[in-house]
Amino acid sequence: MSDLHKALGDISSIRKQLANTTEFRGYGPATLAATGGFAVLAAVAQAYWVPDPVHHLPAYLAVWVATAMVCAALTGVQMYTRTRRMHSGLSDEMLRMAVVQFLPSAGAGLLLTGVLVYFAPTVTWMLPGLWQVIFSIGIFSSCRFLPRAMSAAGAWYHSYVAGDESQGADLQRPQADVRSD
């Protein structure tokens with residue numbers, strides 16, 4: 001019986017190694033484009049319903065957190081169905097590897113949101129941009145499992161936000177007290 005358990009353990013190790021070296025094809029281009037569309041809709045909704053996010057923080061967060069949840073659900077469903085179709089026998093291991101690679105970024109985004117909301121609510125206007133940077137880091141951390149074109153998506157998220165946040169930073173940055181002696 002111990003030989004059987006050893007053989008099953010060896011098969012499991014081989015499957016994990018195969019999943020580690022196989023390109024993950026669970027993200028579809030249509031879903032990524034749809035999540036970008038949802039982000040644009042959220043930005044339009046925010047401009048219309050929450051033009052002053054600093055003074056209406058709960059409504060502002062509701063718009064963006066709801067958008068993030070819808071996008072995560074859409075991506076999760078699509079990853080599951082696409083991975084089952086494209087990776088068949090390795091789908092469970094491939095999904096686990098993708099989630100394990102991206103989970104730290106999702107946790108960082110959640111933690112950053114909580115810290116800013118609780119300790120620095122006046123800078124929460126930066127959250128969507130910071131979430132994009134964290135998302136790009138999640139993409140970069142998963143690059144060894146993803147098609148090469150996905151690294152371009154990560155670079156776009158990172159570079160677009162860097163330019164966008166730097167333009168708005170001067171308008172929203174709180175002024176420091178300057179005392180002269």
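Start your tour by selecting Ser105, a buried residue with a relative accessible area of 9%. Keep in mind as you look around that this is a predicted model. Ser105 counts as buried because its value falls under the 20% cut-off.

**Around Ser105**

Which helix are you in? Ser105 sits in helix α4, which covers residues 91–119. Now show what surrounds this serine: setting aside neighbours within four places in sequence, Ser105 is in contact with Ile134, Ile137 and Gly138.

**Along α4**

Where does α4 bend? Centre the view on Phe102, where the helix bends by about 40°. Within four residues after that point comes a proline, Pro104.

**Into the core**

Leu116 leads us on, as this residue also belongs to the largest nonpolar core. To see that core, select Ala42, Val50, Leu57, Tyr60, Leu61, Val63, Trp64, Leu116, Val123, Trp125, Leu127 and Trp131, 12 residues in all. Helices α3 (57–87) and α5 (127–141) each supply at least two residues of the core, and the largest share, 5 residues, comes from α3. In soluble globular proteins, nonpolar side chains tend to be buried together.

Not counting residues up to four places away in sequence, Ala42 touches Val63, Trp64 and Thr67.

**Stepping back**

Zoom out and switch to a cartoon view. How many helices and strands are there? The protein has 6 helices and 0 strands, so the pattern read along the sequence is α-α-α-α-α-α. Of the 181 residues in the protein, 32% are buried. Among contacts with a separation of 6 or more, 71% are between residues 24 or more positions apart.

**Last stop: confidence**

Finally, colour by pLDDT. The mean for the protein is 77, and 73% of the residues reach 70 or more. Select residues 169–181, where the pLDDT is below 50; beyond near neighbours in sequence, this stretch has 2 contacts in the model. Where pLDDT is low, the predicted coordinates should not be read in detail.

Methods:
Residues numbered from 1 in each chain as written. Predicted model: local features only at pLDDT ≥ 70, side-chain atom pairs only at ≥ 80, totals over all residues. Heavy atoms only, no water. Buried < 20%, exposed > 50% of the residue type's maximum accessible area, 1.4 Å probe, protein only. Contact = heavy atoms within 4.5 Å. Core = buried A, V, L, I, M, F, W, Y, C linked by side-chain atoms within 4.5 Å. pLDDT = per-residue confidence, 0-100. Bend = angle between axes of the 7 residues up to and from the residue.
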